[in-house]
Amino acid sequence: MKKSTLLLSALFLLLLNSCGSGLKGFMIYQTDPTLKTITKVRALPTQNAVGFEWDKIVDPRVHGVNIYRGTPSIGKQSFNRIGSVGSRYATHFVDKNVKSNRRYLYTFTTFSLGKESSHGAVLKVKTRPALNGVSFAKAYVVAPKVVKILWAPHANQSINRYVIERSVDNQPWKYLIELDGQLVAEYIDTFVQRGHSYRYRIVAKSYNNMLTQASAVTSVSL
């Protein structure tokens with residue numbers, strides 16, 4: 001009985017901690033116009049992330065900063081809270097949930113004990129386009145049930161992996177395999193059958209998981 005009680009207590013504490021960490025994203029704030037609004041934010045976009053920096057907050061009532069993101073739209077603009085920084089001494093935030101060559105809108109608030117400031121000015125950000133893909137890719141039938149895919153290694157030194165995608169009989173693209181190494185230049189596909197057509201494309205990936213554009217499509221039929 002004692003073991004059961006201890007187990008239930010542990011489960012309750014685990015659930016309580018989980019709920020506590022999850023509630024932060026769902027907290028509803030009341031607007032407090034006396035709280036300092038963040039008006040100047042500097043953005044540094046890359047292909048797959050956007051970094052932000054703002055000036056130090058001196059108001060001792062402020063506990064942190066909320067970050068809101070939207071996408072340009074026609075009509076009434078809406079924003080979703082995508083993160084919070086839980087200290088007024090912090091001055092940086094990185095949004096890693098973005099895609100390359102996309103336009104985003106951001107606005108920031110400060111918060112304190114269930115209240116937050118008015119939203120600051122809307123900041124327009126465009127992420128950088130993806131790197132060009134590999135310059136050459138070609139598939140060859142080298143045996144009755146074997147396809148060899150060759151490509152030119154990507155010239156950018158940040159590339160260290162290649163993702164091969166395949167489409168069978170013009171069906172949607174599917175992940176086939178990921179290969180390590182910038183100088184890797186071939187793959188042998190033995191999971192093929194006669195009477196089917198196969199399309200392949202190569203997507204290079206960098207050390208920090210940025211994807212290039214897909215290569216030109218190369219096709220074979222067995």
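Begin by selecting strands E13, E12, E15 and E16 in this predicted model: taken in that order, they form an open sheet of 4 strands with antiparallel pairing. Strand E13 (174–180) and strand E16 (218–221) stand at its edges; each has a single partner strand, so one side of each lacks a neighbour in the sheet. From one strand to the next, the twist averages 25 degrees.

Remain on strand E12 and select Arg166 together with Asp189. The two residues form a salt bridge, with their closest N and O atoms 2.8 Å apart. Colouring by element of secondary structure places Arg166 in strand E12 (residues 159–168) and Asp189 in strand E14 (residues 186–189), so that this pair links distant parts of the chain, 23 residues apart. Is this pair buried or exposed? Both Arg166 and Asp189 are buried.

Now move to the other salt bridges; the count for the model comes to 9. Side chains of opposite charge can pair when their charged atoms come close. Select Glu53 and Arg42, whose side chains meet in a salt bridge at 3.3 Å, N to O. Glu53 belongs to strand E3 (residues 50–54) and Arg42 to strand E2 (residues 41–45), so the contact ties together parts that are 11 residues apart in sequence. Glu53 is partly exposed, at 32% relative accessible area, and Arg42 is likewise partly exposed, at 38%.

Which residues are joined into one network here? Arg42, Glu53 and Asp55 are, through salt bridges that share partners.

Proceed to Arg61 and Asp59, whose side chains also meet in a salt bridge, at 3.0 Å from N to O. With a relative accessibility of 37%, Arg61 counts as partly exposed. Asp59 counts as buried because its relative accessibility is 15%, below the 20% cut-off.

Methods
Residues numbered from 1 in each chain as written. Predicted model: local features only at pLDDT ≥ 70, side-chain atom pairs only at ≥ 80, totals over all residues. Heavy atoms only, no water. Salt bridge = Lys/Arg side-chain N within 4 Å of Asp/Glu carboxyl O. Helix = DSSP H or I, 4+ residues; strand = E, 2+ residues; numbered from the N terminus. Buried < 20%, exposed > 50% of the residue type's maximum accessible area, 1.4 Å probe, protein only. Pairing = 2+ DSSP bridges. Axes fitted to C-alpha atoms, helices over the stretch in contact; angles between N-to-C directions.
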